[in-house]
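Okay, thanks for making time, everyone. Let me put the model up and we'll walk through a few spots in it.

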Amino acid sequence: MAKQNQLSFLTSATLLVIIVSVSETLCRPLEEEHLLKQHDEWMAIHGRIYKDAAEKAKRYEIFKENVKRINAFNNGKDVGYKLAANKFTDLTNEEFRASYTGYNRRPTSVLPSMAAKPFKYANFTAIPATLDWRTKKAVTSVKDQGACGSCWAFSAVAAMEGITMLKKGKLVSLSVQELLDCDVNGKDSGCEGGYMDSAFKFIISKGGLTTEANYPYRGNERTCDTAKTGNHTASITGYQDVPANSEKALLQAVANQPVSVAVEGGGFDFQFYSSGVFTGSCGTDIDHAVTAVGYGKTSSGTKYWLLKNSWGTGWGESGYMRIQRDVSSRTGLCGLAMNASYPTA
């Protein structure tokens with residue numbers, strides 16, 4: 001009887017192994033088939049066309065691994081924000097960093113006579129509990145830098161659009177392309193990166209910027225079209241740096257106008273951020289430029305900054321990110337309090 005029971009147990013165990021093995025074998029093709037279909041649908045949505053089958057196979061493997069990581073993150077512990085597949089899903093993180101960031105650390109020699117002036121908002125205390133410059137019509141629509149490291153120009157222009165609206169009462173979309181094409185003799189390098197401060201310096205030296213409608217964005221560097229640059233729709237008189245490593249000082253500035261901000265934005269979670277208040281791990285190797293256009297607090301009490309990005313409306317919360325505010329680090333999350341500045345008019 002004991003031997004019969006032992007045989008029965010072994011038979012059951014063997015059968016279980018076979019069932020599990022068959023199940024795994026069946027699931028793998030189904031999962032692969034689903035991912036292949038998802039990739040084809042993603043290609044259609046984003047208009048992606050590959051040069052040949054080999055390139056498509058390579059990009060599919062990257063897409064698949066990114067989707068798996070995104071799903072694993074979203075199915076894990078709730079940390080207050082979510083990730084999602086977006087137009088960057090067939091890029092490795094290294095490729096993404098190389099093409100879609102573009103902030104170069106600010107050189108200490110950039111117009112120190114202006115940057116070093118006393119902080120304009122140092123004594124400002126009438127700070128609202130929440131603020132969104134979009135509701136005050138001081139923020140233009142989200143733009144898309146494309147595969148060009150021109151975030152520095154988008155950030156500077158967004159800050160300039162904001163102060164122009166506050167001073168003149170009219171919101172106008174200004175030309176980023178003018179900076180890419182014409183700001184070439186200083187510290188800025190078009191799609192290879194640049195600095196908001198030196199962009200402000202260029203704008204001051206040329207007497208202003210023309211409109212986006214007059215000099216539209218092309219996503220690459222071209223010869224400066226001087227026939228268009230003479231029509232200056234908006235101008236600034238100077239710029240100031242927010243005191244470094246102080247979220248309090250940054251709050252004082254953002255309470256008064258949209259502010260250019262540098263962050264470390266090349267991480268995986270940043271690449272695929274979709275919604276919620278970003279609290280992810282990132283360092284202070286600042287490589288991307290955005291614009292702080294407000295701040296607030298969630299119903300659960302998490303304080304956040306509202307950042308306008310330049311990766312189109314398909315990224316984040318319709319092109320925006322809410323990122324945790326008042327963290328313990330002096331630099332702010334992702335280094336956002338390290339190198340912030342704003343134009344004056």
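Predicted model: local features only at pLDDT ≥ 70, side-chain atom pairs only at ≥ 80, totals over all residues.

Residues are numbered from 1 along each chain as its sequence is written, and side-chain values use heavy atoms, with hydrogens and water left out.

So, D90. You'll find D90 in the loop between β1 (81-83) and α3 (93-100); helices here are DSSP runs of H or I, at least four residues, strands are E runs of at least two, and both are numbered from the N terminus. Is D90 buried or exposed? Its relative accessibility is 2%, so D90 counts as buried. For the cut-offs, buried is under 20% relative accessible area, exposed is over 50%, and partly exposed is in between, with a 1.4 Å probe and protein chains only.

What does the side chain of D90 make a polar contact with? That would be the side chain of R48, at 3.1 Å. Polar contact here is a pair of N or O atoms within 3.5 Å; within protein, one must be able to donate a hydrogen and the other to accept it, and residues adjacent in sequence count only if both atoms are side-chain atoms. Leaving aside neighbours within four places in sequence, D90 also has W42, Y50 and E95 among its contacts, contact being heavy atoms within 4.5 Å.

On to α3, where N93, F96 and Y100 are buried. Down the helix axis, the buried residues of α3 fall within an arc of 60 degrees, so they line one face; that arc is taken from the directions from the axis to the C-beta atoms. They pack against α10 (268-271) and β6 (288-297). Turned away from that buried side are E94 and A98, both exposed. After α3 comes G102, with a positive phi near 135 degrees.

Next, strand β3 (residues 238-241): G238 and Q240 point one way, Y239 and D241 the other, and all are buried.

Last, the cores, meaning sets of buried Ala, Val, Leu, Ile, Met, Phe, Trp, Tyr and Cys residues joined through side-chain atoms within 4.5 Å. The largest nonpolar core has 49 residues, with L250 and W305 among those with the most contacts inside it. Helix α9 (residues 247-254) gives the largest share of this core, 5 residues. A second, separate core has 33 residues, including F154 and M196.
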